[in-house]
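Please read the points below beside the sequence and the model. They are meant for someone who is meeting this structure for the first time.

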Amino acid sequence: EEAKKQEEANKKAEEAYATEISKIAGDCSKAITDLGTFVSENPLPPLWSDEEVITLAMNTVIIENAYSDAQNLDAPEKYREVQDSFLKGLKQYSDAMPIFRDGVDNLDADKINKASSMFEVGNNYINEATNKLNSLK
């Protein structure tokens with residue numbers, strides 16, 4: 001009876017974690033997509049309106065917050081390796097955002113490229129996390 005209760009508690013914790021991590025990943029993914037679309041569709045920063053600057057900043061903050069939100073999750077044992085890879089990816093994204101903003105503000109291609117490289121590393125970790133997650137299903 002006690003073992004069954006523990007198993008149910010573990011299952012609920014796993015479901016709660018999966019729901020939260022999916023929300024964080026979804027929010028972050030949308031912000032990354034929106035950011036990419038925004039940058040590709042808009043002229044260089046000196047021509048941006050205040051609204052466009054706010055849009056850019058808002059998306060970078062969502063990406064940065066995804067890392068801190070994910071750090072606050074208590075991953076059940078089953079998901080510890082997934083969480084580890086996921087956090088590494090989100091940390092790359094989060095660390096890239098100030099560099100990206102600075103690169104955009106100063107039209108510094110080197111900084112923008114550095115941020116892009118960090119994003120690629122982050123993508124590799126996120127893909128690794130996704131593969132680990134899929135192998136648990």
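1. Buried stands for a relative accessible area under 20%, exposed for over 50%, and partly exposed for what lies in between (1.4 Å probe, protein chains only). Ser 94 is buried, because its relative accessible area is 11%. Ser 94 has its place in helix H3 and, once neighbours within four places in sequence are left aside, is in contact (heavy atoms within 4.5 Å) with Ile 63, Glu 64 and Tyr 67.

2. This is a predicted model, in which local features need pLDDT of at least 70 and side-chain atom pairs count only at pLDDT 80 or more, while totals for chains, interfaces and linings use all residues. Residues are numbered from 1 along each chain as its sequence is written, and side-chain values use heavy atoms, with hydrogens and water left out.

3. The pLDDT, the predictor's confidence in each residue from 0 to 100, averages 90 over the protein chain, and 96% of the residues score at least 70. Among the elements of the protein chain, H3 has the highest mean pLDDT (94) and helix H1 (residues 2-41) the lowest (89).

4. Helix H3 (residues 80-105) packs with helix H4 (residues 109-136) at an angle of about 160°, their axes being 8 Å apart. That makes H3 roughly antiparallel to H4, a term for angles over 145 degrees. The residues of this contact divide into 19 nonpolar, six polar and eight charged.

5. Leu 107 lies in the loop between H3 and H4, and counts as partly exposed at 46% relative accessibility. Although Leu 107 is not a glycine, its phi is positive, at about 50°. Most residues other than glycine have a negative phi.

Notes: Axes fitted to C-alpha atoms, helices over the stretch in contact; angles between N-to-C directions. Helix = DSSP H or I, 4+ residues; strand = E, 2+ residues; numbered from the N terminus. Parallel < 35°, antiparallel > 145°, perpendicular 65-115°, else oblique. Nonpolar A, V, L, I, M, F, W, Y, C, P; charged D, E, K, R; others polar.
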